[in-house]
Amino acid sequence: MHKIEREEAGQITIEFDGQPVIAEQGDTVAAALLRAGQWNFRTTPVQGRARGPFCMMGICFDCLVEIDGLANRQACMTEVRAGMRVKRQQGAHDISPGTAP
């Protein structure tokens, strides 16, 4: 995988599991984390196995993370915002009414 060259985008900082990650405006959360060397975004509910982005287009749900306290966010479909707090999702989380992005 390699970065597609584009006009200079501003850099922003997000947080992943308490650590700062530099991202470019317009990146998805998944792209920013992969560029930072993070491959494990979540664990499976039953066996706790590591999972990371697979399709990068919102179909497989292997990139689910917690973003700003909301679980089950698709990292490949969510654009980064300065100050965003992202956490590795451990197992399954309930989908509560009113938590849609």
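Reader: In β7, which residue is the bridge partner of E15?

Author: In this predicted model, strand β1 covers residues 11–16 and strand β7 covers residues 85–90. The two strands pair in the parallel sense over two bridges. The bridge partner of E15 in β7 is R85.

Reader: Over how many bridges do β1 and β2 pair?

Author: Strand β2 comprises residues 19–24 and runs antiparallel to β1. The number of bridges between β1 and β2 is six.

Reader: Which residue takes a positive phi in the hairpin of β1 and β2?

Author: The hairpin has two residues between its strands.

Reader: Which residues of β1 make up the covered face?

Author: In a regular strand, side chains alternate between the two faces of the sheet. In β1, Q11, T13 and E15 form the uncovered face. The covered face consists of I12, I14 and F16.

Reader: Is the aromatic pair of F16 and F41 stacked, edge-to-face or tilted?

Author: A search of the whole structure finds one aromatic pair. The ring centres of F16 and F41 are 6.4 Å apart, and their planes meet at 50°. Stacked requires under 30 degrees and edge-to-face over 60. The angle of 50° therefore makes the pair tilted.

Reader: How many residues apart are F16 and F41?

Author: F16 and F41 are both buried. F16 belongs to strand β1, whereas F41 sits in the loop between α1 (29–35) and β3 (42–43). The pair thus links distant parts of the chain, and the separation is 25 residues.

Note on methods
Residues are numbered from 1 along each chain as its sequence is written. This is a predicted model: local features need pLDDT of at least 70, side-chain atom pairs count only at pLDDT 80 or more; totals for chains, interfaces and linings use all residues. Side-chain values use heavy atoms; hydrogens and water are left out. Buried means under 20% relative accessible area, exposed over 50%, partly exposed in between (1.4 Å probe, protein chains only). Helices (H or I, at least four residues) and strands (E, at least two) are DSSP runs, numbered from the N terminus. Two strands pair if DSSP finds at least two bridges between them. Rings of Phe, Tyr and Trp (its six-membered ring) pair if their centres lie within 6.5 Å; planes under 30 degrees apart count as stacked, over 60 as edge-to-face and the rest as tilted.
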